[in-house]
Amino acid sequence: MTLSRARPITELLDTETVQSICDEVWPSLVGDGEAFVPVPVAPPAEVVSAWVDIIGPWTGSVVVTCAPSTAAALTESVLMTRPPTVVDDEDVADALGELANVLGGNVKSVLPGESRLGLPQIGSAPARGRLDDVRALVGQWRGNYLTITVQGTAPHPSGTEVPQ
Amino acid sequence: MKILVTDDSRVMRQIVIRTLRQAGYDDHDIVEAEDGAQCLEKVGSEKPDLVLSDWNMPNMSGIECLQALRASGSQVPFGFVTSEGSPEMREKAANAGALFLIAKPFNEDTFKDALDGVIA
């Protein structure tokens, strides 16, 4: 039996397209004048991720990863909260998840064929698949580490997928 | 006028409501629903003049909600505010009876373009 290899994300999506999606999403969702800057900074000791899955001709996840403190600051910016109002964990999960959701929806719209978008999830980022099936933008928001990764799904541990 | 804003994300409901105000629609009553099933229920109980709904939600999606509304005879004006705006989804939305589909990210101008003529 011959199984065709799905085209990796690196053949379907270039860095400029992901950046242009960020350029639209940040001012609209995070706030006026806000931007994701694709200049790497040192990663923090602890990170949190939010992601949505895309299921279709290409299957994988769109993942946003940053420090918990950055996620909280993003949430404050999204919600336009001012001291003494503080955001709670539920707000942070919701806001970071919605950022991943909007980025994921826009990534999905530029991929070929019909796909389905999952609901936002938050926690430790899902495992990556093939090495060539990852499009990662490592950068910063307000000087804080933040990455956006469009990554293929890791092979199922049961071995039902063809080993790469 | 009463507007029912439906999204499983509380953050996104707040953003939609804020954008409505920024777009100049600031003198309307706003009610909220967390998913399609609750939206369906609130269309019955709250009698909104317009529904703004996310597409992808747990329990009942926005498109399932719209289809259920039309199947029950409700003709409440309905528009999507969703993170996906592919031509296929726009066609599916229009075929189900949606007036418009606003893709996220959006701003007040996007809202004005879609809502002028719908909101008096």
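This is a predicted model: local features need pLDDT of at least 70, side-chain atom pairs count only at pLDDT 80 or more; totals for chains, interfaces and linings use all residues.

Visitor: Let us begin with chain B. What makes up its secondary structure?

Guide: Chain B has 5 helices and 5 strands. Along the sequence they follow the pattern β-α-β-α-β-α-β-α-β-α.

Visitor: How do you know whether the radius of gyration of chain B agrees with that of a compact globule?

Guide: We set the value against the rule. A compact globule of 120 residues would come out near 14 Å, and chain B has 13 Å, so the two agree. Its C-alpha trace spans about 35 × 35 × 25 Å along the principal axes. By burial, 45% of its 120 residues count as buried.

Visitor: What is the order of the strands in the sheet of chain B, and is the pairing parallel or antiparallel?

Guide: The 5 strands form an open sheet in the order 2-1-3-4-5, and the pairing is parallel. From one strand to the next, the twist averages 20°.

Visitor: Why are strand 2 and strand 5 of chain B said to stand at the edges?

Guide: Strand 2 (29-33) and strand 5 (100-103) each have a single partner strand, so one side of each is left without a neighbour in the sheet.

Visitor: How do you know that strand 1 and strand 2 of chain B are paired?

Guide: Pairing takes at least two bridges. Strand 1 (residues 2-6) and strand 2 of chain B are joined by 5 bridges and run parallel, so they meet that cut-off. One pair of bridge partners is K2(B) and D29(B), the latter in strand 2. Helix 2 (residues 36-46) of chain B packs on this sheet, touching strand 1, strand 2 and strand 3 (50-53), and its direction makes about 165° with that of strand 1.

Visitor: What makes a residue of helix 1 of chain B count as buried?

Guide: The cut-off is 20 or more other C-beta atoms within 10 Å of the residue's own. In helix 1, V11(B), M12(B), R13(B), I15(B), V16(B), T19(B) and L20(B) are buried, so each of them reaches that count.

Visitor: How does the length of helix 1 of chain B compare with what is expected?

Guide: Helix 1 (residues 10-22) has 13 residues and reaches 18 Å from its first C-alpha to its last, close to the 18 Å expected at 1.5 Å a residue. After helix 1 comes G24(B), with a positive phi near 100°.

Visitor: Now for chain A. What makes it as compact as a globular protein of its length?

Guide: Chain A has 4 helices and 6 strands, in the pattern α-α-β-β-α-α-β-β-β-β. Its radius of gyration is 16 Å, close to the 15 Å that the globule rule gives for 164 residues, so chain A is as compact as a globular protein of that length. The box filled by its C-alpha atoms is roughly 65 × 30 × 30 Å, and 38% of its residues count as buried.

Visitor: How many residues of chain A and chain B are in contact with each other?

Guide: Contact here takes C-beta atoms within 7 Å. By that test, 19 residues of chain A are in contact with 16 residues of chain B. Helix 2 (15-30), helix 3 (68-79) and helix 4 (89-110) of chain A each supply at least two residues of the touching side of chain A. The largest share, 10 residues, comes from helix 4. The residues on that side of chain A divide into 8 nonpolar, 5 polar and 6 charged.

Conventions. Residues are numbered from 1 along each chain as its sequence is written. Chains are lettered from A and ligands numbered from 1 in the order in which they are written. Two residues are in contact if their C-beta atoms, placed from the backbone, lie within 7 Å. Ala, Val, Leu, Ile, Met, Phe, Trp, Tyr, Cys and Pro count as nonpolar, Asp, Glu, Lys and Arg as charged, and the others, Gly among them, as polar. The expected span of a helix is 1.5 Å times one less than its number of residues. A residue is buried if 20 or more other C-beta atoms lie within 10 Å of its own, exposed if 12 or fewer, and partly exposed in between; C-beta atoms are placed from the backbone. The radius of gyration is taken over C-alpha atoms; the globule rule is 2.2 Å times the number of residues to the power 0.38. Axes are lines fitted to C-alpha atoms, for helices over the stretch in contact, and angles run from 0 to 180 degrees between N-to-C directions.
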